[in-house]
Amino acid sequence: MASVQPLPTDKRGKHRIVAELKRLHQDSKFLEEELEELEKTENVSTICMDLLQNMESRPDPLLPEIHGPVNLLWDRWFEGPQDPHACRCWIL
């Protein structure tokens, strides 16, 4: 006679399962609301292009405007090394 294995029982309890189901329901409702908002939104690429044009037309208030001659010697601090083997920077 073959012995019948008992089915594994869920030891988490009814309240825990109900709480998980409520959370799944809330998550799905939230996603549905987000999708509805996206459907109401105008063409996003148009909005992005308008924003980009607006940003490019105004100078950055955090960058100083240079009045007078530019010191080209400062550029060497912001350029990479001319010879990649000459750079001996080590990150520990």
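Arg23 is exposed, with a relative accessible area of 57%. Exposed here means over 50%, buried under 20%, and partly exposed in between (1.4 Å probe, protein chains only). The model is predicted: local features need pLDDT of at least 70, side-chain atom pairs count only at pLDDT 80 or more, and totals for chains, interfaces and linings use all residues. Residues are numbered from 1 along each chain as its sequence is written, and side-chain values use heavy atoms, leaving out hydrogens and water.

Helix 1 covers residues 14-40. Helices are DSSP runs of H or I with at least four residues, numbered from the N terminus. At 1.5 Å a residue, its 27 residues should span 39 Å. The expected span is 1.5 Å times one less than the number of residues. The end C-alpha atoms of helix 1 are 39 Å apart, which agrees. The number of buried residues among the 27 is zero, so helix 1 lies largely in the open.

Two salt bridges were found in a search of the whole structure. The criterion was a side-chain nitrogen of Lys or Arg within 4 Å of a carboxyl oxygen of Asp or Glu. Side chains of opposite charge can pair when their charged atoms come close. Arg23 pairs with Asp27, and their closest N and O atoms are 3.9 Å apart. Both residues lie in helix 1, four residues apart, about one turn of the helix. Asp27 is partly exposed, at 36% relative accessible area.

Glu37 forms a salt bridge with Lys40. Here the closest N and O atoms are 4.0 Å apart. Glu37 and Lys40 also belong to helix 1 and sit three residues apart, about one turn of the helix. Glu37 is partly exposed, with 48% relative accessibility. Lys40 is exposed, at 64%.

Surface patches were then examined. They are made of residues with over 30% relative accessible area and no salt bridge; like charges are joined within 9 Å, and nonpolar side chains (Val, Leu, Ile, Met, Phe, Trp, Tyr) within 5 Å. Glu32, Glu33, Glu34, Glu36 and Glu39 form a negative patch. Asp and Glu count as negative, and the charge of Glu is placed at CD. Glu32 lies in helix 1 and is partly exposed, with a relative accessible area of 49%.

A nonpolar surface patch consists of Ile17, Leu21 and Leu24. Together they have about 280 Å² of accessible area, computed by the Shrake-Rupley method with a 1.4 Å probe. Leu21 is part of helix 1. At 55% relative accessibility, Leu21 counts as exposed.

Definitions and conventions
Helices (H or I, at least four residues) and strands (E, at least two) are DSSP runs, numbered from the N terminus.
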